[in-house]
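Dear colleague,

I am passing on the structure that we spoke about, together with some notes for a first reading. Please have it open beside this message as you go through them.

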Amino acid sequence: SLPVPPMSIRFDPAGGTLQPEGPTLTRRMSDLEGLFRDHAAWEQAVADGDPVVYSVVSSRVPEVERELPQSITTIQPGSTAGELWMTKGHQHPNHQGEIYLGISGHGGLLMFNGTETEWVDMTPGTIGYMPPGWAHRSINVGDEPYSFLAVYPGGAGHDYGWVLEHGMGRRVLAGETGVEFVDYSAD
Ligand code: M6P
Ligand code: ZN
């Protein structure tokens, strides 16, 4: 990838785009295999139109060592068998930190270091900090799309296998009066 010059990057909330724009990723329900507690409900959701769960628009800053890429993720509101819609979640292979900034909607940042879990409630203006070694997943806990900015080291990488193997410590469910947490050990 080519180096980029110093620049200003604009986010257009209405269009959900960055200018100048970089790569865009769309994750549908079928891309979240093995992540929801209720496998049959997940399969049914895939069969029922395979909805878009979230999208990630990135700037042109490349994901390479010493660069500082950014992206904006928008998670749609929804739940599958009571489990709120979420990102896949990942660990950074070389344990590097990352920050998120809430832009719109209401979400949460679930972090897991293999032993402990942490939850950061994310509203517009909240900066969530992920220390090195904490896997992270974002969840939409509201009834409108939840968008946040991510800024991360270009060499951080995405280890999705770690989450499939270790889980995220807790699951985030839509309860009667708000968000409810259950341990993965309850699966
Ligand atoms: C944030 C950042 C990205 C990540 C995206 C979606 O924007 O952390 O690096 O790719 O969220 O999360 P995931 O990769 O877990 O699907
Ligand atoms: Zn990350």
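Predicted model: local features only at pLDDT ≥ 70, side-chain atom pairs only at ≥ 80, totals over all residues.

Residues are numbered from 1 along each chain as its sequence is written, chains are lettered from A and ligands numbered from 1 in the order in which they are written, and side-chain values use heavy atoms, with hydrogens and water left out.

Six strands form an open antiparallel sheet in the order S3-S4-S5-S13-S8-S11, where strands are DSSP E runs of at least two residues and helices H or I runs of at least four, numbered from the N terminus, and pairing requires at least two DSSP bridges. Strands S3 (24-28) and S11 (127-130) are at the edges with a single partner each, so one side of each has no neighbour in the sheet.

Arg171 lies in strand S14 (residues 170-174) and counts as buried at 4% relative accessibility, buried meaning under 20% relative accessible area with a 1.4 Å probe, protein chains only. The Arg171 side chain reaches the backbone oxygen of Leu35 at 2.9 Å, a polar contact being N or O atoms within 3.5 Å, within protein one able to donate a hydrogen and the other to accept it, with residues adjacent in sequence counting only if both atoms are side-chain atoms.

Notes:
Buried < 20%, exposed > 50% of the residue type's maximum accessible area, 1.4 Å probe, protein only.
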